[in-house]
Amino acid sequence: MQPTKKLSPEFIGDCVIWSLFAPSNQTVSLRDVEYEGKIYRMKNNLFPFKISELATWECSHPDIKIQISMPHENRFAADWIANHRAELSPESLAVLNAGKSIYKIFYKNLLELNFPKYKIFDWDAGWYQIRMSLKEAGLMPENFSDVFKNLSKKIEPQIYELGFLRDEVEEF
């Protein structure tokens, strides 16, 4: 649906952060993907943190730790967040900070996770890979859902106010 009103930078930022950490986010990073006889590396451009920040975190997996120390370009989402941080609402910042805590838990405990099952072999693992491997290991923090729900509650009425959905459409 197309909005009927102009979107504020804060609303856009809320939606970006919501999308990066939504349960429906299926992003992954993969290597050695064969397609039509060629091998590809699929980067995760929705990785939300800069490589310089990631390099300061504890990482238990030696191969990934080496990857992090090598020169890389930041992924698109990390640069977008850095360039729009001033426009992020307190609710978005709460989700981003809670998400950062989850990413830190992930890297710190990577060797304890079933990383082969989730094909985690590169530094820019996707949100799907991170949350599923942490959930399986019983390491996914429960408080994340609270801050995510707060952001969802903030966005939902704006879907109607901005004209994405008409009032006669009750719930999406």
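1. Phe47 and Trp123 are both buried, where buried means under 20% relative accessible area, exposed means over 50% and partly exposed sits in between (1.4 Å probe, protein chains only). Keep in mind that this is a predicted model: local features need pLDDT of at least 70, side-chain atom pairs count only at pLDDT 80 or more, and totals for chains, interfaces and linings use all residues. Residues are numbered from 1 along each chain as its sequence is written, and side-chain values use heavy atoms, with hydrogens and water left out.

2. On to the rings. Rings of Phe, Tyr and Trp (for Trp, the six-membered ring) pair if their centres lie within 6.5 Å; planes under 30 degrees apart are stacked, over 60 edge-to-face, and the rest tilted. That rule gives 16 aromatic pairs. For Phe47 and Trp123 the centres are 5.3 Å apart and the planes at 75°, so this pair is edge-to-face. Phe47 sits in the loop between β2 (38-42) and α2 (51-54), and Trp123 in the loop between α5 (90-108) and α6 (127-136), so the pair ties together parts that are 76 residues apart in sequence. Helices (H or I, at least four residues) and strands (E, at least two) are DSSP runs, numbered from the N terminus.

3. How are the rings of Trp57 and Tyr107 arranged? Their centres are 6.2 Å apart and their planes at 50°, so the pair is tilted. Trp57 is in the loop between α2 and α3 (62-69) while Tyr107 is in helix α5, so here the parts tied together are 50 residues apart in sequence. Trp57 counts as buried at 10% relative accessibility, and Tyr107 is buried with a relative accessible area of 1%.

4. Phe47, Trp123, Trp57 and Tyr107 belong to one aromatic cluster, whose members also include Trp18, Phe21 and Phe148.

5. Now the core. A nonpolar core is a set of buried Ala, Val, Leu, Ile, Met, Phe, Trp, Tyr and Cys residues joined through side-chain atoms within 4.5 Å. The largest one has 43 residues, and Ile17, Phe21, Tyr103, Phe106 and Tyr107 touch the most other members. Helix α5 gives this core its largest share, 7 residues. Beyond its neighbours within four places in sequence, Ile17 is in contact (heavy atoms within 4.5 Å) with Ile81, Leu88, Ser92, Val95, Leu96 and Leu151.

6. Last, the cysteines. With a disulfide taken as a pair of cysteine sulfur atoms within 2.5 Å, the count is 0. Cys15 is partly exposed, at a relative accessible area of 22%, whereas Cys59 counts as buried at 8%.
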